[in-house]
Amino acid sequence: MDRFLKTVLFSSILVSVFVSSCAQNCSVSNNIFTSCSNLPVLNSYLYWNYHQANHTADIAYRQTGVTSSQWVAWALNVGGSGMAGAQCLVAFTNSSGLVRAYTTPVNNFSPTMAEGDLSFNVPRISAELNNGEMVILATLQLPTGRTSFNQVWQVGPVSGDTLQEHAQNSANKLSTGTVDFASGSTTTSSSGGVGSRQRKKNVHGVLNVVSWGILVPIGAMTARYLKVFKSADPAWFYVHVACQCSAYIVGVAGWATGLKLGSESPLVYDTHRNIGITLFCLGTLQVFALLLRPKKDHKFRFYWNLYHWSVGYAVIILSIVNIFEGFDILDPEKKWKRAYIGVLIFLGATAVLLEAFTWFVVIKRKNSDTEKSPQVATRNGVNGYGGTRSRQEI
């Protein structure tokens, strides 16, 4: 009998310990939650209780390894994924040594992180920092009609009372996922790398950099510098057309991808979008202008050349401007922006060298032709471009 009582007592203790440990797995800051999730990056954890009656959620976001010179944030992105459009809960230690918690909406990729109202109500928010653990406690009035949302969490440095930009390493870029407050399930992007939307953004960026940002300038340089060589005529023209048509085809694919991304995004990037539409229109005009290209001796050829030259260089300038606008929106690793700057420097240096060499050849050829037969040279209209009437003709 004693053995039986001891067995029952021991079993009760084990069950009690087990239940207690289970409860402790979803408890933080003396609060017990029904659901919790160990987020895979940035030493972060999410806890919550969902109240179906009033469609609210009590949440706790905990991040370990935090110092008083860092800020932490957790957010729901109701209309999209990632940082843009995120509705954030932020906490940091201010210059007075007090932990401050507040809400801020992220409306672009260069947020000020200033305090502001979210797209949903947050009746309660507080935070505490103890032993390197920052905990944000809040009550969320969830948007109606759903319980599953995209979530984002982040950490970054603080200077005084100013929140600085967070790092751009892999952990910071993979701190996204989803949370279903009703079912208690979560998913993260760390297992699959960047999401499908991020892949679309990357494809959009690559297509436009290659087309408008590289092929178009190379095609223009081909037309300007190769035709000075008599042996390159008419090969330079076909190379020029091939470069520009290829750039246009790839650019249209990039433009269409951008339209798709714009229709799916809750944010509107007016400058980037408007320049993109302008580039598409100008590029289309340039392509169709080939069908209206007058012959070299036609009286309207000069005006066609002037139009073609002006629109072409406008496309190049707008393309470069819009690519850097895209870099600011996409916010890739700095090496990609530096790589494109390197490409521009190379193309610019090449153009300067070719410009100097071209004028050297033109002047030398003109002097040689004048010395040999000035009358024939004048009668035949020979200039430094081997019989062409204008340097702008292509």
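This is a predicted model: local features need pLDDT of at least 70, side-chain atom pairs count only at pLDDT 80 or more; totals for chains, interfaces and linings use all residues.
Reader: What makes Cys245 partly exposed?

Author: Its relative accessible area is 28%. Buried means under 20%, and exposed means over 50%. Cys245 therefore counts as partly exposed.

Reader: How do you know that Cys26 and Cys36 form a disulfide?

Author: Their sulfur atoms are 2.0 Å apart. The cut-off is 2.5 Å, so the pair qualifies. By this rule the count comes to one disulfide.

Reader: Which parts does the pair tie together?

Author: Cys26 lies in the loop between α1 (2-25) and β1 (27-28). Cys36 lies in strand β3 (residues 35-39). The pair therefore ties together parts that are ten residues apart in sequence.

Reader: Why is the disulfide of Cys26 and Cys36 called left-handed?

Author: The torsion about its S-S bond is about -70°, so the disulfide is left-handed.

Reader: Are Cys26 and Cys36 buried or partly exposed?

Author: Cys26 has 10% relative accessibility, under the 20% limit, so Cys26 is buried. Cys36 has 29%, between 20% and 50%, so Cys36 is partly exposed.

Reader: What makes Cys88 buried?

Author: Cys88 has 7% relative accessibility. The limit is 20%, so Cys88 counts as buried.

Reader: Where does Trp309 lie, and why is Trp309 called partly exposed?

Author: Trp309 lies in helix α6 (residues 301-330). Its relative accessible area is 37%, between 20% and 50%, so Trp309 is partly exposed.

Terms used
Residues are numbered from 1 along each chain as its sequence is written. Side-chain values use heavy atoms; hydrogens and water are left out. Helices (H or I, at least four residues) and strands (E, at least two) are DSSP runs, numbered from the N terminus. Buried means under 20% relative accessible area, exposed over 50%, partly exposed in between (1.4 Å probe, protein chains only).
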